[in-house]
Amino acid sequence: MPEIRLQGLRKDYGAVTVIEDLNLEMADGEFTVLVGPSGCGKSTTLRMIAGLESVSAGQIMVGDRDVSQLEPKERDLAMVFQDYALYPHMNVAKNMSFALRLARMNKSDIEKRVKDVAATLDLTAYLDRKPAELSGGQRQRVAMGRALVRDAGTFLFDEPLSNLDAKLRGQMRAELALMSQRIKKNMIYVTHDQVEAMTLGDKIVVMKFGEIMQAGTPEELYRSPANKFVAGFIGSPTMNFLSAELVEESDTLFAKGQGFSIPLPDARKTHLQTHKDRSVHIGIRPSSFVEGPGGLKMPVILSEYIGAQSVLISELGEEKISIEVNSVAPIRAGEQREFTVQGDEVHLFDPKTEAAL
Amino acid sequence: MSIARANRLTPYLFLAPAGLVLAVALFYPILYMIYASFLDWNPSQRIGEADFVGIRNYTKLFSDNAFRESMGVTLKFAAVVVSIEMFLGVGLALLLDRNIRGMSVLRTLFILPMMIAPIVVGLMWRYMYHPTVGIFNKTLKSWGLDSIPWLSDGSWAFASIVIADVWQWTPFIFILSLAALQSLPKSAMEASRIDGASGWQQIIYIKLPLMMPVLIVTLLLRLIDAFKVLEVILVMTNGGPGLSTEILSIRINRTASEFRELGEAAAMSNLLLIVLLILTFAMFIYNKAQEARAARLRVVEEET
């Protein structure tokens, strides 16, 4: 399975440019997730890779072969669609074997391949059913099965789980993760759900307005987001953003804002020298707040009990912020508590460019 | 009368006028016709004066060669025109189901023939088929070819009425097929492209099977219509030459007005009605079967 490279990829619809200049490399056998809000160009990118949308400019290299002008069938790929796109008039076995039948593979081989894949997906009992006679989850698996029997070099997924209910989605996500471990192929997966992206991806590509905001492993994106958008997009509950000023007092750099002043570690001092005495945006993950004496005194406005964790809604200055705490000692709304934040868990962003500092 | 009861009756009250019109305009004539088909009835008599002859009109029909020939012409006409129209209509729809500049104008042009009154269509084609001044023979002549006896030779006349009908009714199948095509699930088409289907394979394995329910209903509708066709042929050939284009409705018309046999004409009409009823029932049963299938699938879906 060769690596895939997108070079200077561009997509225009008439006068509107959806994607201007996209460059991305996907290593051999890597599970890449394209994630972003709707309209960010992730689906368009996937469909260009699939060959369902024409490429306005640039190349799609699979290994050293430029496939950007080829028909979908010449690109050696299989795809799972959001609405499953099963053939309504064919039963499950026929749906799964359609590509193989078109390729004129011999009948016994087809039957064997379909049976094997059906067995791994728990579909053996349904091979004679039409798609309309299946539940959403089963249809989803047939769509996967149809892609799997192809044994293509690259698998494309266009929001395959978004039509399922929450419980089934979790289940299918786990199955997908297992499947991707078993068959090491190039996988490109589009979703708007950051949890799916985090749990499935070897590499996550966060997109916005047709541009790549950041590409990296889930840990990289979570620990060191390249900009405010990625910081806000990855992680749940969402990161808190506050306005602050970088102030140096008695040799220590502080992020000082309405109602708080958080000392930043010395290690970051030299790096932040140029931003001293200027305003910045700071981002603090809800889980970075630790309850304890000597911290910031904050009112608890709302306490959302989720289970092992609770999310508190509080106020810092005039900004609403959320805090994630352990539920062992429940905190009720109306209480005042003190929370500390470690300086190395504070993310700083340039207020103009929104890039991480 | 309680309010609940009055409420239950309200829909029937609103339906009553339509029911009344239906009874007067549809059931009365049909019953009248069925009764008349058992009479030996001359147009100069009042219906009460006609003799009751039982099923003689019907038995006579089956031994009547002219009627049998007319039935044959009708069946042949319906089979030929509907086959050609289905082939062309579906073919055009498959061809024009794409986004090309000016396609909407083209589509409108295609459905124009359907909007012209049948009498006008008949006259138009009669002029075009005219042996000396018609456009077809004039064109043939200007190319140095022999003229064709469009409406004066038996087999050519049949071909001529087929051409006119195909011209007028192919658009009907075209628009219904196009509508069916455009409502097909787009992602299934894309999936088939990824699966490696060529344009032809897409048509044969995906598009046509998915269009089938619409195509079957369209086919039955056109068959029903083709059995009833009258005006265009009446104007063009009036059934001739000989009996070569005398479809059933022209035969019925002649039996009543020329041969003055109202009873026999009624019997023929009844036979035609039975043929049409069979076709209509076929369509009805097909629709019911589809609905039942859909309902069953819904139940399955809700259970799983």
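**Note on a predicted two-chain model**

1. The bridge belongs to the antiparallel pairing of strand S15 (residues 289–305) of chain A with strand S16 (residues 309–316) of chain A, a pairing that runs over 5 bridges. S15(A) and S16(A) form a hairpin with 3 residues between the strands, and in this hairpin Gly307(A) takes a positive phi near 150°.

2. These strands belong to an open sheet of 4 strands in chain A, with antiparallel pairing and the order S17-S16-S15-S18. Because strand S17 (319–326) and strand S18 (336–341) of chain A each have a single partner strand, they stand at the edges, and one side of each is left without a neighbour in the sheet. On average, and with direction ignored, neighbouring strands of this sheet are turned by 55° against each other.

3. On the S18 side, S15(A) and S18(A) pair in the antiparallel sense over 7 bridges. Two residues of chain A may be inspected here: Leu296(A) stands opposite Phe339(A) in S18(A), and Phe339(A) in S18(A) is also given as the bridge partner of Glu291(A).

4. Chain A also has an open sheet in which 4 strands follow the order S2-S1-S4-S5, again with antiparallel pairing. Its edge strands are strand S2 (16–26) and strand S5 (65–66) of chain A, each of which pairs on one side only. Helix H1 (residues 42–50) of chain A packs on this sheet and touches strand S1 (4–13), S2 and S4 of chain A, while the direction of the helix makes about 70° with that of S2(A). Strand S4 (residues 57–62) of chain A pairs with S5(A) in the antiparallel sense over 2 bridges, and Met61(A) stands opposite Asp66(A) in S5(A).

5. What does each chain bring to the contact between chains A and B? Chain A contributes 20 residues and chain B contributes 18 residues. On the side of chain A that touches chain B, strand S6 (77–80) and helix H2 (92–102) of chain A each supply at least two residues. By class, this side of chain A comprises 15 nonpolar, 2 polar and 3 charged residues.

6. Turning to chain B, one finds 12 helices and 2 strands, and the pattern along the sequence reads α-β-β-α-α-α-α-α-α-α-α-α-α-α. The radius of gyration of chain B is 25 Å, whereas a compact globule of 304 residues would have a value near 19 Å. Along the principal axes, the C-alpha atoms of chain B fill a box of roughly 85 × 75 × 35 Å. Of the 304 residues of chain B, 27% count as buried. Where contacts in chain B join residues at least 6 apart in sequence, 69% of them link residues at least 24 apart.

7. One helix pair in chain B deserves a separate look. Helix H3 (residues 65–96) of chain B and helix H9 (residues 199–228) of chain B pack at an angle of about 145°, their axes being 10 Å apart, and the crossing of H3(B) and H9(B) is right-handed. The H3(B) residues in this contact include Phe77(B), Val81(B), Glu85(B) and Leu94(B), and the H9(B) residues they meet as a group include Ile203(B), Lys207(B), Leu219(B) and Phe227(B). By class, the contact of H3(B) with H9(B) has 13 nonpolar, 1 polar and 3 charged residues.

8. Finally, is Ala50(B) exposed, partly exposed or buried? With 17 other C-beta atoms within 10 Å, Ala50(B) is partly exposed, because a residue counts as buried at 20 or more such atoms and as exposed at 12 or fewer. Ala50(B) lies in the loop between strand S1 (39–40) and strand S2 (51–52) of chain B. If its neighbours within four places in sequence are left aside, Ala50(B) is in contact with Leu39(B), Asp40(B), Trp41(B) and Gln45(B). Lys207(B), one of the H9(B) residues in the contact with H3(B), is 157 residues from Ala50(B) in sequence and 57 Å from Ala50(B) in space, C-alpha to C-alpha.

Technical notes
Residues are numbered from 1 along each chain as its sequence is written. Chains are lettered from A and ligands numbered from 1 in the order in which they are written. This is a predicted model: local features need pLDDT of at least 70, side-chain atom pairs count only at pLDDT 80 or more; totals for chains, interfaces and linings use all residues. Two residues are in contact if their C-beta atoms, placed from the backbone, lie within 7 Å. Ala, Val, Leu, Ile, Met, Phe, Trp, Tyr, Cys and Pro count as nonpolar, Asp, Glu, Lys and Arg as charged, and the others, Gly among them, as polar. Two strands pair if DSSP finds at least two bridges between them. Axes are lines fitted to C-alpha atoms, for helices over the stretch in contact, and angles run from 0 to 180 degrees between N-to-C directions. A crossing is left-handed if the near helix is turned anticlockwise from the far one by less than a right angle, and right-handed if clockwise. The radius of gyration is taken over C-alpha atoms; the globule rule is 2.2 Å times the number of residues to the power 0.38.
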